[in-house]
Structure formats: C-alpha cells, structure tokens
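Reader: I'd like to learn how to read aromatic rings in a protein model. Can you walk me through it?

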Amino acid sequence: AIGIDIWEVIEAAATKPFGFLAHYPGPGVGGHCIPVLPYHLLDSAKKQNIKLRVSEAAAIVNELQPEIVAAKAIEIVNGKLAKNGNPPKVMLVGVSYKPETSDIRESPALKIWKLLEKEGLSVSYHDPYVSDVNGFSSQRLTSKNLSSCDLIVITTAHKNIPYDKLLKTGKPIIDTRNILRGFANFNILRI
C-alpha cells in the first residue's frame with residue numbers, strides 16, 4: 001500500500017549471514033498442513049482460554065490472499081466483454097498448491113477460480129501436472145488459447161512453463177509468485 005516492493009525486502013533480508021528463513025507472499029496457502037493444522041491449534045487454545053494472536057492473524061492473512069488476487073483480476077477486466085460478447089476469460093497458470101506436483105488439496109488457485117466464476121468470469125487453466133479439475137481439462141499454451149484470454153494469472157510457479165510465451169501475448173499477467181522477476185514488462189502486475 002505504501003509502495004515498498006516486498007520481493008526486494010525479502011531479497012535484502014536474505015543477505016543476513018545466518019538465521020534467515022525466507023517466507024514469500026503468494027495467492028494463498030494450500031496442501032494439508034498450513035491451511036488446516038493451525039486451526040486445530042487455535043481450537044485447542046480457545047478451549048483453554050488462550051489467545052494465539054499471531055497464529056490468528058496469520059490465518060486471516062492466508063485466507064484473504066485468494067480474495068485479494070481475485071479482486072485484482074476483476075479490477076483488471078472490469079466491464080470488459082470479449083469480442084464475441086462473452087464474459088472476460090481468465091487463464092490460471094498452475095492449479096496445484098505447490099510447484100512440480102499434481103497435489104491440488106486446498107489449492108489457492110481453486111479458491112481464486114471459484115471467486116472469479118462467482119463474479120461471472122470465464123476461467124480456464126494450464127497445469128502440466130494436473131490434467132483435469134472441476135470438470136475442465138488443462139489447456140495447452142497455444143497461440144489460439146492464449147489470444148482468447150483477457151488476463152493470465154500465474155498461481156503456481158512450475159519450472160517447465162514457457163513464460164516467455166505468456167509475455168509475448170501482451171495480455172495483462174498477474175504474477176503471484178514473482179516468477180517473472182527478471183522481466184521488465186508493462187503487462188506484468190504483482191501482488
């Protein structure tokens with residue numbers, strides 16, 4: 001909100017010679033641990049009349065991230081209709097909850113997908129590790145598929161995605177994982 005690049009802050013903090021563990025922002029948390037287990041701890045603490053304010057605050061931040069990304073996507077395509085009069089089309093790149101896996105448990109990408117559809121946007125996805133989800137199949141990153149999108153949202157930073165192909169489309173790209181950090185391009189938006 002005040003214009004500080006969190007990715008630069010983390011990079012600077014990583015220069016500390018010892019005791020540093022980087023935690024990166026993203027579209028939310030997924031898997032079977034972080035999005036679930038802290039609530040067991042919070043529930044147990046509550047039963048003992050103990051407040052775990054830092055854990056409570058972290059849970060709130062983690063839960064809000066998919067909403068923040070979806071709101072940014074909606075803001076970008078706000079009021080736009082595709083040339084054929086259909087709702088704007090968003091392609092999610094990566095739907096597994098972490099890179100190089102097919103695990104979609106509690107994936108923030110799926111939460112973002114649901115929020116976008118609720119607002120009337122058309123959602124497709126590409127994930128080399130997840131062939132089918134929500135009754136849809138992973139779309140190939142062809143020129144035709146990419147040109148039909150109004151917005152691309154990178155939700156999982158798989159290493160084997162041809163990111164240069166995404167950049168060449170000229171479409172707005174929300175990079176939630178800072179995977180495009182080496183590119184200075186007008187159409188890259190970060191969270």
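Reader: Let's start with Trp7: is that residue buried or exposed?

Author: This is a predicted model, and here Trp7 has 11% relative accessibility. Buried means under 20%, so Trp7 counts as buried. Tyr24, on the other hand, is exposed, with a relative accessible area of 53%.

Reader: How do I describe a pair of rings, in general?

Author: You give two things: the distance of the centres and the angle of the planes. This structure holds three aromatic pairs. In one of them, Trp7 and Tyr24 are stacked, at 5.9 Å centre to centre with 15° between the planes.

Reader: And which parts of the chain does that pair tie together?

Author: Trp7 lies in helix H1 (residues 6-13), while Tyr24 sits in the loop between H1 and helix H2 (37-47), so the pair ties together parts that are 17 residues apart in sequence.

Reader: What about Trp113 and Tyr125: how are their rings arranged?

Author: Their centres are 5.6 Å apart and their planes meet at 45°, so that pair is tilted. It links distant parts of the chain, with Trp113 in helix H4 (residues 108-118) and Tyr125 in strand E2 (residues 122-126), 12 residues apart. Trp113 is buried at 1% relative accessibility, and Tyr125 is buried too, at 0%.

Reader: What lies over the face of Phe18?

Author: That's Lys16, at 5.1 Å from the ring centre.

Methods:
Residues are numbered from 1 along each chain as its sequence is written. This is a predicted model: local features need pLDDT of at least 70, side-chain atom pairs count only at pLDDT 80 or more; totals for chains, interfaces and linings use all residues. Side-chain values use heavy atoms; hydrogens and water are left out. Rings of Phe, Tyr and Trp (its six-membered ring) pair if their centres lie within 6.5 Å; planes under 30 degrees apart count as stacked, over 60 as edge-to-face and the rest as tilted. Helices (H or I, at least four residues) and strands (E, at least two) are DSSP runs, numbered from the N terminus. Buried means under 20% relative accessible area, exposed over 50%, partly exposed in between (1.4 Å probe, protein chains only). A charge sits over a ring if NZ of Lys or CZ of Arg is within 6 Å of the ring centre and within 35 degrees of the ring normal.
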